[in-house]
Amino acid sequence: MIIEPKVRGFICVTAHPIGCATNVQRQIDHVVVKGPVPSKRKRVLVLGCSTGYGLASRIVTTFGSGADTVGVSYEKGPEETRTASAGWYNNRAFEKRAQAAGRIAVTVEGDAFSDAIKAETIEAIKANLGQVDLIVYSLASPVRTDPKTGVMYRSAIKPMGTPVTSKTLNTGTGEVSEIEVQPATDEEAEGTVKVMGGEDWELWIAALAEAGVLADGFQSLNYTYLGSELTWPIYHKGTLGRAKGDLDRAAAAIRSQFGEHAAHVVALKAVVTQASSAIPVVPLYGTLLLKVMDEMGIGEGTIEQIDRLFRVKLQGEPALDEDSRVRVDDWELTKTVQDEMARRWWMLTTENLGDLADLGKYRAEFLKLFGFGLGGVDYSADLDPRIPG
Ligand code: NAD
């Protein structure tokens, strides 16, 4: 079949096998060209390994630091007439390239929140790595079933307390408009903490400890977004911010049990990923940020952020903020960037969007997540979607 993008709202329901593999290779090249990333942590578990920041973390640790990895992600496999999820193609492309480089790369596909997948992952660690020195927690999901009670929780991306009115962008039509988002109920706020808070991170660490697969001096990282005043009403001060705040609690709890280096929350920059494109207001902020940071010569995508995290921020004793977080969102949050973001934000309209923001790049970055629009790929080729690139 000829595989073309089919965008439905903020998701693309098709993925291109060769394009996804090219996207993985492009990220590997970025790391390899910059040279080795010194690290003693050679056995790595990446939760949420197939796309976005998790995939970038697996690539930097493998191709920068020579690590062996076990990855976990939730995927849809291909059928004769239906493409797989982008993450499925990414996983196959990553495994092939990591194994060709002499590294172990084993992927467990299923619900990381479940006890069954935790057990399967522990078996994969025992069989392939023995123990793990580093755990990267990069899951982003709208739902989670509590393994103890069987109750399914849903996250809601809403403000707390009072309604929020904000500018927003329809990335399909390019229309800038105002939206009013109603505040979350208590139940929605609690649900979001259950899904995106620190509980599952703690359950993973407890399960790994109980199985004896945590190496002495292990480190675990969990990714967060803090952002600026422009997104605070909907994000940081909303339900998602409350859930992310719970990561700081979980990190402190893990550190008190396993030591100072056992858990750090890492604040990352806003980038275009499947998860971020589903958050109201964030795509508008993202299109502006792409243009502003590119104009200042400090633009970074997913792989650049994670490369800088491991290559610079985690070398030696990591510098931490007052809440013990590692900050890689430092460039995004400089006063120069945020002053310019605010100036443009308030004057932004549908008419001047093309001058002030970069919707074209945003759309291109979004399609690349699904393997479309990458140089050197023949998109007119008739492919069997069951064959990864
Ligand atoms: P993403 O959508 O690209 O990746 C999510 C990963 O989680 C995928 O590998 C997916 O398969 C996996 N996953 C989801 N549900 C799962 C389940 N039940 N079981 C197993 N795997 C599952 O998302 P992302 O944007 O890379 O987000 C990763 C983390 O980074 C999140 O904590 C997010 O809040 C944080 N973060 C993102 C941004 C951003 O702008 N994208 C900024 C800062 C921090």
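Reader: How many salt bridges does the structure hold?
Author: Side chains of opposite charge can pair when their charged atoms come close. To count as a salt bridge, a side-chain nitrogen of Lys or Arg has to be within 4 Å of a carboxyl oxygen of Asp or Glu. Going by that cut-off, the salt bridges in the structure number 31.

Reader: Before we go on, what kind of model is this?
Author: Residues are numbered from 1 along each chain as its sequence is written, and side-chain values use heavy atoms, with hydrogens and water left out. Local features need pLDDT of at least 70 and side-chain atom pairs count only at pLDDT 80 or more, while totals for chains, interfaces and linings use all residues, as this model is predicted.

Reader: About how many helical turns separate R344 and E340?
Author: R344 and E340 form a salt bridge with closest N and O atoms 2.6 Å apart, and both residues are buried. They are four residues apart in helix α10 (residues 335-347), so the separation in helical turns is about one.

Reader: What kind of aromatic pair do Y53 and Y223 make?
Author: Rings of Phe, Tyr and Trp (its six-membered ring) pair if their centres lie within 6.5 Å; planes under 30 degrees apart are stacked, over 60 edge-to-face and the rest tilted. The structure has seven aromatic pairs. Y53 and Y223 have ring centres 6.1 Å apart and planes at 70 degrees, so their pair is edge-to-face.

Reader: In which strand is Y223?
Author: Both residues are buried, Y53 at 12% and Y223 at 7%. The pair joins distant parts of the chain, 170 residues apart: Y53 is in helix α2 (residues 52-65), and Y223 is in strand β11.

Reader: Which ring has the charged end of R308 over it?
Author: A charge sits over a ring if NZ of Lys or CZ of Arg is within 6 Å of the ring centre and within 35 degrees of the ring normal. One case is R92, over the face of W88 at 5.0 Å from the ring centre. The charged end of R308 is 3.6 Å from the centre of the ring of W331.

Reader: How many disulfides does a search of the whole structure find?
Author: A disulfide is a covalent bond between the sulfur atoms of two cysteines, and the cut-off here is a pair of cysteine sulfur atoms within 2.5 Å. The sulfur of C49 is 14 Å from the closest cysteine sulfur, in C20, which is too far for a bond. The search of the whole structure finds a disulfide count of zero.

Reader: Which strands stand at the edges of the seven-strand sheet?
Author: Two strands pair if DSSP finds at least two bridges between them. This open sheet runs β5-β4-β3-β6-β11-β12-β13 with parallel pairing. Each edge strand has a single partner, so one side of it is left without a neighbour in the sheet; these are β5 and β13.

Reader: Which residue in β6 is the bridge partner of V46?
Author: Strands β3 (residues 43-47) and β6 (residues 132-137) pair in the parallel sense over four bridges. In β6, V46 has as its bridge partner V136.

Terms used
Helices (H or I, at least four residues) and strands (E, at least two) are DSSP runs, numbered from the N terminus. Buried means under 20% relative accessible area, exposed over 50%, partly exposed in between (1.4 Å probe, protein chains only).
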